[in-house]
Amino acid sequence: MIGRLFSLVIDCPAPSELAGFYESLLSLARVEDTADYVVLRGPSGTETVTFQRVDGFRPPRWTDRDRPGLMHVDVMVDDLDVAEAKVLALGATLLEGSDKPIGYRVYADPVGHPFCLVTREGVTAGV
């Protein structure tokens with residue numbers, strides 16, 4: 001095991017508005033709310049969905065290859081360097097500008113979908 005699912009992150013233009021929809025749809029509770037992101041969590045404390053503000057957001061269009069869905073997975077790890085070696089061995093690529101020593105790093109999976117490795121330090125620092 002490299003890590004554990006920490007959050008599904010959904011890019012959007014207005015996090016508070018979209019979070020309100022998913023609060024009702026999934027029976028999740030709002031646990032963090034800023035202008036740039038909103039975090040919803042389930043009753044067990046493990047189901048987490050984060051809504052992240054993206055300037056210039058273009059909504060996805062079903063079956064339109066030029067407008068794909070915009071989401072990424074956050075994977076909680078204990079040690080970024082150890083986890084990085086493992087995901088790179090699986091075929092991931094570290095994305096430019098993401099070589100942070102603590103907190104989080106952003107990668108692309110083998111076909112280009114972004115995902116993040118995050119640590120507790122990154123979460124408590126508001127990364």
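Analyst: C12 is buried, because its relative accessibility is 2%, where buried means under 20% relative accessible area, exposed over 50% and partly exposed in between (1.4 Å probe, protein chains only). The closest cysteine sulfur to that of C12 belongs to C116 and lies 15 Å away, too far for a bond. C116 is likewise in no disulfide, the nearest cysteine sulfur being that of C12 at 15 Å. A disulfide is taken as a pair of cysteine sulfur atoms within 2.5 Å, and by this rule the count is 0. C116 has a relative accessibility of 9% and therefore counts as buried.

This is a predicted model, in which local features need pLDDT of at least 70 and side-chain atom pairs count only at pLDDT 80 or more, while totals for chains, interfaces and linings use all residues. Residues are numbered from 1 along each chain as its sequence is written, and side-chain values use heavy atoms, with hydrogens and water left out.

The order of elements from the N terminus is β-α-β-β-β-β-α-β-β-β-α. Contact means heavy atoms within 4.5 Å; among contacts between residues at least 6 apart in sequence, 46% join residues at least 24 apart. The C-alpha trace spans about 40 × 35 × 25 Å along its principal axes.

Technical notes:
Helix = DSSP H or I, 4+ residues; strand = E, 2+ residues; numbered from the N terminus.
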